[in-house]
Amino acid sequence: MNNTESIAVASQVLLGNYRSAPVVFKEGKGVRLTDVDGKRYLDLCAGIAVVSVGHCHPELARAIAEQAARLMHVSNLFFNGRAIEFAAQLTKRTPFARFFFCNSGAE
């Protein structure tokens with residue numbers, strides 16, 4: 001489907017809680033995005049609740065795949081080893097002694 005067709009379907013099956021731009025992205029690589037019509041864009045947005053690290057960086061994709069093969073997600077009601085390791089490394093590299101991981105600014 002092209003952008004127009006995809007957006008027509010989206011208007012039927014998705015709630016309109018955001019005023020989305022009329023473009024449907026298909027893939028990304030580095031700082032570039034490509035829509036379903038083949039048009040390329042420079043990604044200057046960090047997204048909602050994410051840090052802009054680019055798209056499809058091989059090392060990041062590998063690390064995400066390795067973690068997903070072990071454990072996808074658990075609530076903050078439980079500990080997980082990778083979060084503990086990450087927090088320990090952050091305390092060594094920043095002036096902060098403790099960290100709180102959350103998924104949005106609401107926490």
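Trainee: Which residues make the nonpolar surface patch?
Mentor: Met 1, Val 9, Val 13 and Leu 14 make it, and the patch covers about 430 Å². Keep in mind that this is a predicted model.

Trainee: Where does Met 1 sit?
Mentor: In the segment before helix H1, which spans residues 3-13.

Trainee: Is Met 1 buried or exposed?
Mentor: Exposed. Its relative accessible area is 63%, and the cut-off for exposed is over 50%.

Trainee: What about Asn 3, buried or exposed?
Mentor: Asn 3 lies in helix H1. It counts as buried because its relative accessible area is 7%, and buried means under 20%.

Trainee: What does the side chain of Asn 3 contact?
Mentor: The side chain of Asp 37. It is a polar contact, at 2.9 Å.

Trainee: Switching to charges. How many salt bridges are in the whole structure?
Mentor: Two. Side chains of opposite charge can pair when their charged atoms come close.

Trainee: Which residue does Glu 66 meet in a salt bridge?
Mentor: Arg 62. The N to O distance is 3.1 Å.

Trainee: How many residues apart are Glu 66 and Arg 62?
Mentor: Four, which is about one turn of the helix. Both residues lie in helix H2, residues 58-70.

Trainee: And how accessible are Glu 66 and Arg 62?
Mentor: Glu 66 is partly exposed, at 38% relative accessibility. Arg 62 is partly exposed too, at 44%.

Trainee: Which residue does Arg 82 meet in a salt bridge?
Mentor: Glu 85, at 3.3 Å from N to O. Arg 82 and Glu 85 are in helix H3, residues 81-93. They are three residues apart, so about one helical turn separates them.

Trainee: What are the relative accessibility values for Arg 82 and Glu 85?
Mentor: Arg 82 has 46% and counts as partly exposed. Glu 85 is partly exposed as well, with 43%.

Trainee: Is Cys 45 buried or exposed?
Mentor: Exposed, at 56% relative accessibility. Cys 102 is partly exposed, with a relative accessible area of 41%.

Trainee: Where is Cys 56 found?
Mentor: In the loop between E3 and H2. Phi of Cys 56 is near 60 degrees, a positive value in a residue other than glycine.

Trainee: Why point that out?
Mentor: Because most residues other than glycine have a negative phi.

Trainee: On to the strands. In what sense do strands E1 and E2 pair?
Mentor: Antiparallel, over four bridges. Strand E1 covers residues 25-29 and strand E2 covers residues 32-35. One of the bridges links Lys 29 to its partner Arg 32 in E2.

Trainee: How many residues lie between E1 and E2 in the hairpin?
Mentor: Two. Gly 30 is in the turn and has a positive phi of about 60 degrees.

Trainee: How many bridges join E2 to strand E3?
Mentor: Three. E2 and E3 run antiparallel, and E3 covers residues 40-42. This hairpin has four residues between the strands. Gly 38 takes a positive phi there, near 90 degrees.

Trainee: What is the bridge partner of Arg 32 in E3?
Mentor: Leu 42. Remember that Lys 29 is also a bridge partner of Arg 32.

Trainee: Is Arg 32 buried, exposed or partly exposed?
Mentor: Partly exposed, with a relative accessible area of 36%.

Trainee: How far apart are the C-alpha atoms of Arg 32 and His 55?
Mentor: They are separated by 7.6 Å. Along the chain, Arg 32 and His 55 are 23 residues apart.

Trainee: And how far apart in space are Gly 16 and Val 53?
Mentor: 27 Å, C-alpha to C-alpha. In sequence they are 37 residues apart.

Trainee: Last one. Where is Gly 16?
Mentor: In the loop between H1 and E1. Gly 16 is exposed, with a relative accessible area of 73%.

Methods: Residues are numbered from 1 along each chain as its sequence is written. This is a predicted model: local features need pLDDT of at least 70, side-chain atom pairs count only at pLDDT 80 or more; totals for chains, interfaces and linings use all residues. Side-chain values use heavy atoms; hydrogens and water are left out. Patches are made of residues with over 30% relative accessible area and no salt bridge: like charges are joined within 9 Å, nonpolar side chains (Val, Leu, Ile, Met, Phe, Trp, Tyr) within 5 Å. Accessible areas come from the Shrake-Rupley method with a 1.4 Å probe; for residues, only the protein chains shown count as cover. A salt bridge is a side-chain nitrogen of Lys or Arg within 4 Å of a carboxyl oxygen of Asp or Glu. Buried means under 20% relative accessible area, exposed over 50%, partly exposed in between (1.4 Å probe, protein chains only). Two strands pair if DSSP finds at least two bridges between them. A polar contact is a pair of N or O atoms within 3.5 Å; within protein, one must be able to donate a hydrogen and the other to accept it, and residues adjacent in sequence count only if both atoms are side-chain atoms.
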